Amino acid sequence: MTAKIASEVLQRRLSKALKLAGDTHTIEDIQRAVARGEMQCFVHGNSFVLTEIATTPRAKYLNVFLAVGDLSLMALQEDLNKFAEQSGCQWMQTLGRHGWKTVLPNYGWKPTHTLFIHKVGQNG
């Protein structure tokens, strides 16, 4: 992970974002994944985007795993696009809060699904 992400402010933002995303990873998990090349980190100002390349039997795509910061992170779209293309990805995708539905279409993103979750062991 870059030195910029090691800053206290960005670590707090990342920690909060990871919690909102379901606590699937710790900061240490992210740092190890970036160091191993399993995830990529793109930084712009006070914002950063974490990605991972997903490979399926019939497709390869860039999954935008997490975005932290403000709308300045949209300046990273060109870098993400270049990286995805150079990596042989056919598309980019992300899951995000409902508020992104008003922003992302302005940058060429198209909503295709709505994610529903159900916690195991809970009824109703």
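Here are a few exercises on this structure, each with a worked solution.

This is a predicted model, where local features need pLDDT of at least 70, side-chain atom pairs count only at pLDDT 80 or more, and totals for chains, interfaces and linings use all residues. Residues are numbered from 1 along each chain as its sequence is written, and side-chain values use heavy atoms, with hydrogens and water left out.

**Exercise 1: the cysteines**

Work out how many disulfides the structure holds.

Start with the cut-off: a disulfide is a pair of cysteine sulfur atoms within 2.5 Å. The structure holds 0 of them. Take Cys41: its nearest cysteine sulfur belongs to Cys89 and sits 17 Å away. Now check burial, where buried means under 20% relative accessible area, exposed over 50%, and partly exposed in between (1.4 Å probe, protein chains only). Cys41 comes out buried at 18%, and Cys89 is buried at 13%.

**Exercise 2: H1 against H2**

Find the angle at which the axes of helix H1 and helix H2 cross.

First, the terms. Helices (H or I, at least four residues) and strands (E, at least two) are DSSP runs numbered from the N terminus. Axes are lines fitted to C-alpha atoms, for helices over the stretch in contact, with angles from 0 to 180 degrees between N-to-C directions.

Next, the geometry: the axes of H1 (residues 8–20) and H2 (residues 27–36) come within 10 Å and cross at roughly 105°. That makes H1 roughly perpendicular to H2 (65 to 115 degrees; under 35 is roughly parallel, over 145 roughly antiparallel, the rest oblique).

Last, who touches whom? With contact meaning heavy atoms within 4.5 Å, H1 brings Gln11, Leu14, Ser15 and Leu18, while H2 brings Ile27, Ile30 and Gln31.

**Exercise 3: salt bridges**

Count the salt bridges in the whole structure, then look at the one between Arg32 and Asp29.

The criterion is a side-chain nitrogen of Lys or Arg within 4 Å of a carboxyl oxygen of Asp or Glu. The search finds 4. For Arg32 and Asp29, the closest N and O atoms are 2.7 Å apart. They are 3 residues apart in helix H2, so about one helical turn separates them.
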